[in-house]
Amino acid sequence: MIERVEVWLSLALLAVPALFAGLVIAQRVPARARALTIAGASVTAVLAGASLAVVLVANQMHLLHRTGDGELFALDGENVVGVCLLALVSLGGAVGGARASFDRVGGAAFLATEGALLGLVTASHVGVFVALWVLSLAPFEWAIARVADADERAREARAWRLLLVGSSASLVTAVVLYAGVSGTHSLAITDALRHPVARRWQDVIFVLLALSAMVRMGAFPLHGWVPVLLARGPIGLLVALGNIQAGVHLLTRVAMPAMPDAVGEMAPFFAAVGLLGSLAGSTLAVVQNDLRRAVGMVMVSQTGMVLQGLAMRNAQGVAGALFEAAAMGLSATGLTLIIGAVESRAGTTDVTKLGGVAQRAPRMAGLFVAFAYATVGFPGSPTFVGEDLLLHGIIEHHPVVASVMLVATVLNGVALFRLIGRGFLGPDPDRARSPRVAEDLLPREFVAVVAIFALTLGGGLLPGPLLALRHSAVDAITLAHR
């Protein structure tokens, strides 16, 4: 009975946002389109909460299955974390995002993207997974088409299509190759895990899957699309965070458990890429003057840390990587919503043109500082828990790598607090010409950002339930490599 409820909930998580997207696109009144977008995100968040409750009950009754044999969609302890994170990010973006982002086209694209990402995370069939992998990227084309400047639109379209074509082509090639050499006629994810391909094919298929995941995660040096998406308002935030979660999901759900021999050989390479990415992202963040680009580079740095943890293939490293990915989603959401509020008032996110924001908008500045602390791993934040697990997973075998990771974390902190000093504190750079943030966070913006910070704080102070939910995912990777 519980398994059937899980299946129906996973189907509803895909169908409800799609239904509301259809209702939004049919609206002609902007206020109604925005209200329907918020309603769709709210109903989906309720469904995500119900999914978490069902999975917890099933887990206590020892009825939890991993992917749902014979079903196209299913819920379990691993993917329900991604479901809740995506639903909360969507609701926060819909409530706290700029009104101009949620007309009929923007609202429909937002909800369609949310539904496709939720379906992707809960898919238990490889064919459905691939289809939703591509579909979850398509709605952002609408957002790019609305950019007024032709040069900017062309630049964003190039970066976006690199992601769309690159990650999708690599994934499709890997799936077709797997279907041809695996000897099984089933494309259920459970069968892929039970019947790994022959050793001689594992390297090729794993490299294709890992390349697809890294492009979608925005791992260095394939990170060019990350600041592009973050610059596009709430839908860009949702797509950016959804892409990172989708890439992690592909690695931990399929690629690493199904091809342990290939992972063993490739692990040093991915650890090196992750190390370089964490350091390069943090270094690039330090020299940024644009708030959105700086947050994007910090995300690139943290994505590198996630790759390092997965490459260690031990319990602490993998658990830390999964926790870090979830923590990054919450802190990046809070920072990006506040940056959007700054931009809507000042018309810029360039800190050289801002200054004195804290004097006129103290709640905005205070919450930005709070999320900056959470992002760099201040005690009590989920990033602190994730990075602590990562360090313990890395330092035993690679103390030098752990040291470099600490340097990257320090640089991320320097980057964010440099922006705080220049953009939020101190006097205006030029009072006569400086764009002014004359209004603090609106009630709806304040509620959305505070709610996300409360979740961030809760995840940092009580990490046990989240770690327990993903215990099966950690076991699937670590046991496969013993």
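Helices α12 and α13 run roughly antiparallel to each other, a label given to angles over 145 degrees, while those under 35 count as roughly parallel, 65 to 115 as roughly perpendicular and the rest as oblique. Helices here are DSSP runs (H or I, at least four residues), numbered from the N terminus. This is a predicted model, in which local features need pLDDT of at least 70, side-chain atom pairs count only at pLDDT 80 or more, and totals for chains, interfaces and linings use all residues. Residues are numbered from 1 along each chain as its sequence is written, and side-chain values use heavy atoms, with hydrogens and water left out.

Helix α12 spans residues 260–286 and α13 residues 291–312; they pack at about 160°, with axes 7 Å apart. Axes are lines fitted to C-alpha atoms over the stretch in contact, and angles, from 0 to 180 degrees, are taken between N-to-C directions. The contact residues comprise 15 nonpolar, 8 polar and no charged, where Gly counts as polar and Ala, Val, Leu and Met as nonpolar.

Turning to the aromatic rings, the whole structure holds 8 aromatic pairs, meaning ring centres within 6.5 Å, with planes under 30 degrees apart called stacked, over 60 edge-to-face and the rest tilted. The rings of Phe102 and Phe110 have centres 5.3 Å apart and planes at 85°, so this pair is edge-to-face. Phe102 is buried at 2% relative accessible area, and Phe110 is buried at 1%; buried means under 20%, exposed over 50% and partly exposed in between (1.4 Å probe, protein chains only). Elsewhere, ring pairs join Phe206, Phe269 and Phe270 into a cluster.

Technical notes: Helix = DSSP H or I, 4+ residues; strand = E, 2+ residues; numbered from the N terminus. Phe/Tyr/Trp six-rings, centres within 6.5 Å; stacked < 30°, edge-to-face > 60°.
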